[in-house]
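Morning, everyone. Please bring the model up on your screens.

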Amino acid sequence: MTERLPGLLLVLVSVITEGLGHVAFKRAADFGHNSPTAIAVLRTALKQYKWVGSGVACFVAEGLCWSFALKTLDVSLAYPIGSLELVVIMVLSRVILKEQVGLRRWVGITLIIGGTILVGLS
Amino acid sequence: MKSPMVRFPQVSNIITKVPRTVWLSLIITIVTETAIQIVWKSAVLCVPQSAGFLETVQTIASRPMFYLLLSLFVVQFIYWILLLAKADLSYIQPITALSLITVAACSVVFFGENVSLVRIAGIVMILIGVWLISNTKHNTMAPDVLSPCAAPGKPSETTL
């Protein structure tokens with residue numbers, strides 16, 4: 001257990017950083033909501049350098065943490081713990097993005113996390 | 001029982017009520033995510049257990065697989081931005097959890113892992129969870145984004 005602890009901590013850090021990265025990208029992408037074509041959506045969204053930059057920074061940090069975590073943990077273990085990502089996403093979507101996270105979405109992610117644990121540990 | 005079409009009305013809702021860009025991008029995202037997980041793991045497997053930070057980065061960057069990984073990231077990034085522009089983060093992110101199932105399926109196919117009852121139960125749970133979420137409104141933020149003057153979201157518009 002103790003030899004797995006650094007790996008587990010890295011997974012946790014990468015889960016939170018990834019959540020923040022998603023929020024930053026969502027902020028950038030919202031600018032392209034009304035753009036008529038896919039190219040226009042991308043162009044408008046990618047011009048939000050501040051949001052795209054912080055998003056990319058978060059994902060690079062997340063990628064490094066995840067790479068090191070996978071060195072010590074099996075995917076079958078890291079992936080189920082990584083599904084805590086969903087809780088982070090739900091909370092950040094509610095608090096920062098003001099999305100309507102209804103009961104159905106909470107029940108949905110509870111089932112997904114439960115299922116992920118079963119798949120990972122079986 | 002009279003009409004088989006009425007038994008699972010919500011399944012067709014995903015196709016009819018959610019824009020094609022959204023569900024098509026979701027499928028592409030899930031497929032690329034599966035490929036990324038498998039390629040990434042095999043890239044990391046090439047790194048010696050004792051390797052330090054720089055050595056790890058160098059070893060991974062020197063593999064040809066790294067460039068495949070990079071291009072997969074670019075594809076996923078493009079479709080992810082398109083998705084984010086049209087749908088809630090709390091809607092699309094859980095749905096991409098379907099990649100857990102495709103990754104599990106790949107490990108069964110490529111590494112001959114057993115398909116246990118527990119694993120099937122887990123996959124069914126994930127499917128029900130994704131199905132529940134896919135039946136919520138895919139974009140609850142639209143009114144504010146569309147026009148700043150729009151009335152604030154009414155309680156009747158809440159998901160569920």
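Is A:Trp106 buried, partly exposed or exposed? Keep in mind that this is a predicted model. Here is the count. A:Trp106 has 18 other C-beta atoms within 10 Å. A buried residue needs 20 or more, and an exposed one has 12 or fewer. So A:Trp106 is partly exposed.

Where does A:Trp106 sit? It lies in helix H6 of chain A, which covers residues 103-121. A:Trp106 is then in contact with A:Met90 and A:Val101. For a longer distance, look at A:Thr72. A:Thr72 and A:Trp106 are 34 residues apart along the chain, and their C-alpha atoms are separated by 31 Å.

The crossing is right-handed.

Now zoom out to chain A as a whole. It has six helices and zero strands. Its C-alpha atoms fill a box of roughly 50 × 35 × 25 Å along the principal axes. Of its 122 residues, 48% count as buried. Next, take the contacts in chain A with a separation of 6 or more. Residues 24 or more positions apart account for 73% of them.

On to chain B. How many helices does chain B have? Nine, with zero strands. Chain B has 160 residues, and 31% of them are buried. Among its contacts between residues at least 6 apart in sequence, 73% join residues at least 24 apart.

Here is a helix pair in chain B. H3(B) and H5(B) pack at an angle of about 155°, and their axes are 9 Å apart. Use the cut-off again: over 145 degrees is roughly antiparallel. Therefore H3(B) and H5(B) are roughly antiparallel to each other. This crossing is left-handed. Its contact residues divide into 19 nonpolar, six polar and two charged.

Next, helix H8 of chain B, residues 117-134. Its 18 residues reach 26 Å from first C-alpha to last, close to the 26 Å expected at 1.5 Å a residue. Several residues of H8(B) are buried, among them B:Gly122, B:Ile126, B:Gly129 and B:Ile133.

Finally, where do the chains touch? 42 residues of chain B are in contact with 42 residues of chain A. Which element of chain B gives the largest share of that side? H8(B) does, with twelve residues. Other elements giving two or more residues include helix H3 (20-45) and helix H5 (65-86) of chain B. And what is the make-up on the chain B side? It has 26 nonpolar residues, 13 polar and three charged.

To recap: A:Trp106 is partly exposed, and H8(B) gives the largest share of the side of chain B that touches chain A. Thank you.

Technical notes: Residues numbered from 1 in each chain as written. Chains lettered and ligands numbered in written order. Predicted model: local features only at pLDDT ≥ 70, side-chain atom pairs only at ≥ 80, totals over all residues. Helix = DSSP H or I, 4+ residues; strand = E, 2+ residues; numbered from the N terminus. Contact = placed C-beta atoms within 7 Å. Expected span 1.5 Å × (residues − 1). Nonpolar A, V, L, I, M, F, W, Y, C, P; charged D, E, K, R; others polar. Axes fitted to C-alpha atoms, helices over the stretch in contact; angles between N-to-C directions. Parallel < 35°, antiparallel > 145°, perpendicular 65-115°, else oblique. Left-handed = near helix turned anticlockwise from the far one by under 90°. Lists of a residue's contacts leave out its neighbours within four places in sequence.
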